[in-house]
Amino acid sequence: MKRLQFIAMLALLAGCAGLSGPPNPDATDATFAALRPGVDTQASIAQKLGRPYDTTYLSLRDMNVWSYKYRQAGIWHSLMHLHFDRQGVLRELMSGPDPDYEDRRSF
């Protein structure tokens, strides 16, 4: 059973690595609040939220980050960053503005 789970995880990672998905129109603050750090995994989150908009690897922290576009408070264009440890377990969530909608003017 463990081997099957491992193979499924590898397939999921191969499908998501370096690929970006469309924004998830159903993702809300409540969606992300329901995620459980230390419990949820990349596989369970992929089932709940679908493919991430972007993926990144943080070498200094040895963590994979999946980013999802959403509207924070139903208003602001934002990205929710989900940080996973080496075993694929969710460790933290971090929200920030979506740079695609940020003003790029300098003062």
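Me: Before we start, how are residues numbered, and what pLDDT do local features need?
Reply: Residues count from 1 along each chain as its sequence is written, and side-chain values use heavy atoms, with hydrogens and water left out. This is a predicted model, where totals for chains, interfaces and linings use all residues, side-chain atom pairs count only at pLDDT 80 or more, and local features need pLDDT of at least 70.

Me: What pattern does the chain follow along the sequence?
Reply: Helices (H or I, at least four residues) and strands (E, at least two) are DSSP runs, numbered from the N terminus. The chain has three helices and four strands. Read in sequence order, the pattern is α-α-α-β-β-β-β.

Me: What share of the chain's residues is buried?
Reply: Buried means under 20% relative accessible area, exposed means over 50%, and partly exposed is in between (1.4 Å probe, protein chains only). The chain has 107 residues, and the buried share is 32%.

Me: How many bridges join β2 to β3?
Reply: Let's go through the pairings. Five bridges join β1 to β2, with Thr 56 partnering Val 65 and Thr 55 partnering Trp 66. Strand β3 (residues 76–84) and strand β4 (residues 90–97) are joined by seven, with His 81 partnering Met 94. Between β2 and β3, also antiparallel, the bridges number nine.

Me: Which residue takes a positive phi in the hairpin of β3 and β4?
Reply: Take the hairpins in turn. The one of β1 and β2 has four residues between the strands, and Asp 62 has a positive phi near 55°. The one of β2 and β3 has three, with Ala 73 at a positive phi near 55°. In the hairpin of β3 and β4, five residues lie between the strands, and the one with a positive phi near 85° is Gly 88.

Me: Why is β2 described as largely enclosed by the rest of the structure?
Reply: It comes down to burial. Strand β2 is largely enclosed because, of its ten residues, the number buried is seven.

Me: Why is the pair of Phe 32 and Tyr 70 called edge-to-face?
Reply: Rings of Phe, Tyr and Trp (its six-membered ring) pair if their centres lie within 6.5 Å; planes under 30 degrees apart count as stacked, over 60 as edge-to-face and the rest as tilted. Phe 32 is in helix α2 (residues 29–33) and Tyr 70 is in strand β2 (residues 63–72), 38 residues apart, and both are buried. Their ring centres are 4.9 Å apart, and the pair is edge-to-face because the planes stand at 65°.

Me: Which residues form the aromatic cluster?
Reply: A search of the whole structure finds three aromatic pairs. The one cluster is formed by Phe 32, Tyr 68 and Tyr 70.

Me: The charged end of which residue sits over the ring of Tyr 53?
Reply: A charge sits over a ring if NZ of Lys or CZ of Arg is within 6 Å of the ring centre and within 35 degrees of the ring normal. Here the distance to the centre of the Tyr 53 ring is 4.4 Å, and the residue is Lys 69.

Me: What is the relative accessible area of Ser 78?
Reply: Ser 78 is found in strand β3. Leaving out residues up to four places away in sequence, Ser 78 touches several others, including Tyr 68, Tyr 70 and Ser 95. Ser 78 is buried, with a relative accessible area of 2%.

Definitions and conventions. Two strands pair if DSSP finds at least two bridges between them. Contact means heavy atoms within 4.5 Å.
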